[in-house]
Amino acid sequence: MKQQVYTVENMTCAACSARIEKILSRKNGVNSAAVNLASEKLTVQFDEDTITSQQIMDAVAQIGYPLKELEQDKQVTLGISGMTCAACSARIEKVLAKQPGISRITVNLATEQAAIAYDPGQIRLHDIKEKIHALGYEPREVEKKSAAEDARAQKEKELKRQWAKLIVAIIFAVPLLYIAMGPMVGLPVPGAIHPDVYPLRFALLQLLLTLPIIAAGYRFYTSGTRAILTGGPNMDSLIAMGTAAAFIYSLYSTFRIYQGDGHAVHALYFESAGVIIALILLGKTLEAISKGRTGEAVRKLMNLAPRTAFLIRGDEEIEIPLEDVEMGDVLLVRPGTSIPVDGVVLDGHSAVDESMLTGESMPIDKNAGDSVYAATVNTTGAFRMRAQKVGDDTALAQIIRLVEEAQGSKAPIAKLADQVSGIFVPTVFVIALIAGIAWYLGTRDLSFALTIFISVLVIACPCALGLATPTAIMVGTGKGAEHGILIKSGEALETAHRIDTVVLDKTGTLTLGKPQVTDILPAEGMTEEDLLALAASAESSSEHPLGQAIVSHAKERGLALSDTSEFKAISGRGIHTRVDGRTVLAGNRQLMAESGISLLTLQAEADVLADMGKTPMFFAADNKLAGIIAVADVIKDSSIQAVKALRDLGLQVVMMTGDNQKTARAIAAQAGINQVISDVLPEDKAKKVADLQQAGKRVAMVGDGINDAPALVQADVGIAIGSGTDVAMESADIVLMHSDLMDVPAAIALSRRTIKTIKENLFWAFGYNVLGIPVAAGLLHLFGGPLLSPMIAAAAMSFSSVSVLLNALRLKRFSFKQPKEATND
């Protein structure tokens with residue numbers, strides 16, 4: 001099953017996207033088709049043996065929506081010098097087209113350039129240049145564009161065109177409205193075009209002012225007509241029918257004026273057609289600007305990477321475009337610059353700010369052999385690195401891909417809007433037709449009936465329905481990504497807001513995941529420093545994590561360690577060694593008992609430490625107890641605060657651990673957790689989550705994303721805590737890159753806020769149409785109320801779409817510091 005993403009042209013409303021999905025769902029071999037109106041992308045899963053990508057593109061093009069495959073290949077434009085005739089360009093094309101990995105090549109002799117699309121996984125840019133060089137030609141400077149940059153450039157170009165159309169429409173709509181409405185409201189108009197004196201001039205001037213506006217809005221007519229002819233009318237169809245009716249009726253009135261019927265001057269609707277188009281162009285322009293802002297998060301992520309890198313070739317340092325960096329290249333990273341790609345330090349020393357990946361504010365020391373990641377910042381020293389992951393394989397690129405996939409996905413809550421959108425436009429047309437005919441039969445006034453017909457067509461807004469969900473998802477997932485919370489789909493975002501139980505894995509989630517010294521209890525005649533120095537010296541040859549924790553603690557306190565000899569590890573008990581000529585034992589109670597060492601003086605303290613979930617380690621020197629050092633996997637600083645924040649959100653918090661009940665209770669109490677699931681083997685974690693689900697709980701499982709993978713998959717929402725470089729992201733629905741437990745309540749609060757925004761948008765979109773259409777059909781007028789002007793209807797329709805977008809953009813102000821929403825919406 002192949003998945004292909006396409007960009008879609010000519011979509012204007014939810015009816016368009018629903019139409020495309022409906023057509024493709026009927027095709028044999030198409031497993032699923034999802035259109036995102038906000039990003040103008042179509043994602044199709046299909047069986048290549050049954051249907052081809054070209055057949056999919058043809059099927060959608062037939063209903064008026066050209067598709068373009070979102071290419072995975074990289075595109076490069078190479079200048080080529082040395083070509084003298086068409087045979088040269090043909091030769092280059094022929095040779096390069098045969099190279100594996102090159103999907104397209106076009107050589108232009110006049111501009112001396114070659115446009116090449118290639119798969120960097122199969123062929124390197126360096127190899128392409130070498131092949132051109134081998135043919136006797138010289139490849140020159142490179143210009144590259146990624147698919148994302150192409151799409152962004154295309155949208156910017158489209159926005160400029162939209163502005164140009166809007167400016168033209170406004171320039172002509174303002175005088176048109178003044179001339180048409182001025183005489184009615186007492187505003188002065190030139191005597192040469194006064195409707196009572198020169199009605200034909202009055203009509204012809206309006207016609208001339210309307211034509212450029214219609215030209216500016218020609219797309220409404222081409223798209224709308226094509227949609228009607230293919231059986232899938234959309235918002236453009238409504239606008240085209242409404243304004244065309246006003247324009248054609250006005251042409252008929254102009255002809256009557258020409259025939260000498262001066263009263264027909266009161267039946268001109270040129271200003272309705274012109275101003276409606278101008279207002280809708282204004283709405284579309286504001287919509288395009290707002291849509292652009294919804295994708296800001298991805299652009300910010302893209303801008304983190306540097307544009308160039310310094311390649312070391314022999315004794316030379318060459319500055320090359322980032323896209324030219326290939327696996328295996330040796331790069332120089334200078335102080336104060338961003339690291340270009342993922343790789344490993346070869347030599348040199350520095351501190352790297354990895355906050356964009358891990359959330360860790362302090363720079364991390366890097367030496368030879370350490371991994372470094374694209375877009376992190378080198379703060380102090382220079383170093384050389386070898387590129388290991390480039391282009392779309394870097395951690396940053398994977399994060400961007402996850403965010404883009406999430407923004408393109410649909411939430412289940414969108415299904416209702418999709419279903420309504422499919423029948424919305426035909427229903428509105430029928431209502432407009434019935435209302436127009438009914439008012440004509442009741443009043444015998446064709447002008448009045450036409451006003452009703454146009455108003456109903458123009459006020460209906462399927463756009464708001466189509467934009468309600470995807471815009472909020474785009475902003476919500478983007479906002480999360482900016483703060484290191486990667487929500488991988490719209491479905492995960494929606495499910496998270498229903499969660500009522502959060503299960504926290506203990507090790508590495510609630511705790512640091514590595515043991516630390518918590519208590520030092522020296523026996524009589526020993527000081528803390530004496531005991532710690534003795535214990536650390538004894539454990540210096542041990543590889544046990546508890547022993548290493550003691551060694552690290554001693555070094556942090558600046559204690560000098562003594563040499564050891566005759567080191568021996570005693571399985572399951574501890575160690576035996578000699579330190580400064582003294583025989584030292586270190587281990588558990590069993591080792592002390594077997595060696596005949598009395599623990600009576602510190603027995604009570606050891607029991608208290610064990611009750612607190614700590615591991616007491618006993619040390620003896622020359623057959624005499626020296627003291628106890630307690631070691632524990634300590635609670636993270638943020639865990640207590642995070643648990644409180646989860647409770648404030650109205651959530652039940654459960655700790656899951658393999659520890660025994662007594663130890664588990666002690667650790668949970670430190671974090672403020674009341675409910676504990678203890679003695680759980682790693683393979684049983686998923687079953688414990690399933691047990692909670694069977695009890696009616698909606699469960700979020702929070703774990704490290706590797707050991708807890710089955711439980712993460714089993715949970716309603718799996719939340720992986722780990723650095724952004726951990727590609728065990730696959731198991732989880734939400735990935736917290738900063739390894740900060742406070743991001744769990746933040747993610748759930750963001751989900752609730754986003755779903756609340758979607759519900760507000762849908763309520764507004766449905767409510768607007770449910771109230772607006774009857775008013776436009778003359779319901780209020782029937783009972784002596786006002787009649788809605790087609791121009792006001794057009795303004796209301798434009799405002800409806802823009803208001804939905806602006807409401808979604810309010811999510812940008814969401815605060816992650818203290819989630820306060822305590823109840824589900």
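In what order do the four strands of the open sheet lie, and is their pairing parallel or antiparallel? In this predicted model, the strands are arranged in the order 2-3-1-4, and the pairing is antiparallel. From one strand to the next, the twist averages 25°. In general, the strands of a sheet pair through backbone hydrogen bonds, in either a parallel or an antiparallel manner.

Strand 1 (residues 2-8) and strand 4 run antiparallel and are joined by three bridges. Within this pairing, Val8 is found opposite Leu67 of strand 4. Two helices pack on the sheet. Helix 1 (residues 14-25) touches strand 1, strand 2 and strand 3 (41-46), and its direction makes about 175° with that of strand 2. Helix 2 (residues 53-62) touches strand 1, strand 3 and strand 4, with its direction at about 155° to that of strand 4.

A nonpolar patch on the surface is formed by Trp163, Ile167, Ile171, Leu282, Leu286 and Ile289, which together have about 500 Å² of accessible area. Helix 5 (147-185) and helix 9 (270-294) each contribute at least two residues to the nonpolar patch. Leu286, one of the patch residues, is located in helix 9. Because its relative accessibility is 35%, a value between the limits of 20% and 50%, Leu286 is classed as partly exposed.

Note on methods. Residues numbered from 1 in each chain as written. Predicted model: local features only at pLDDT ≥ 70, side-chain atom pairs only at ≥ 80, totals over all residues. Heavy atoms only, no water. Patch = residues over 30% accessible without salt bridge, like charges linked within 9 Å, V, L, I, M, F, W, Y side chains within 5 Å. Areas by Shrake-Rupley, 256 points an atom, 1.4 Å probe, with all protein chains shown as cover. Salt bridge = Lys/Arg side-chain N within 4 Å of Asp/Glu carboxyl O. Buried < 20%, exposed > 50% of the residue type's maximum accessible area, 1.4 Å probe, protein only. Pairing = 2+ DSSP bridges. Axes fitted to C-alpha atoms, helices over the stretch in contact; angles between N-to-C directions. Contact = heavy atoms within 4.5 Å.
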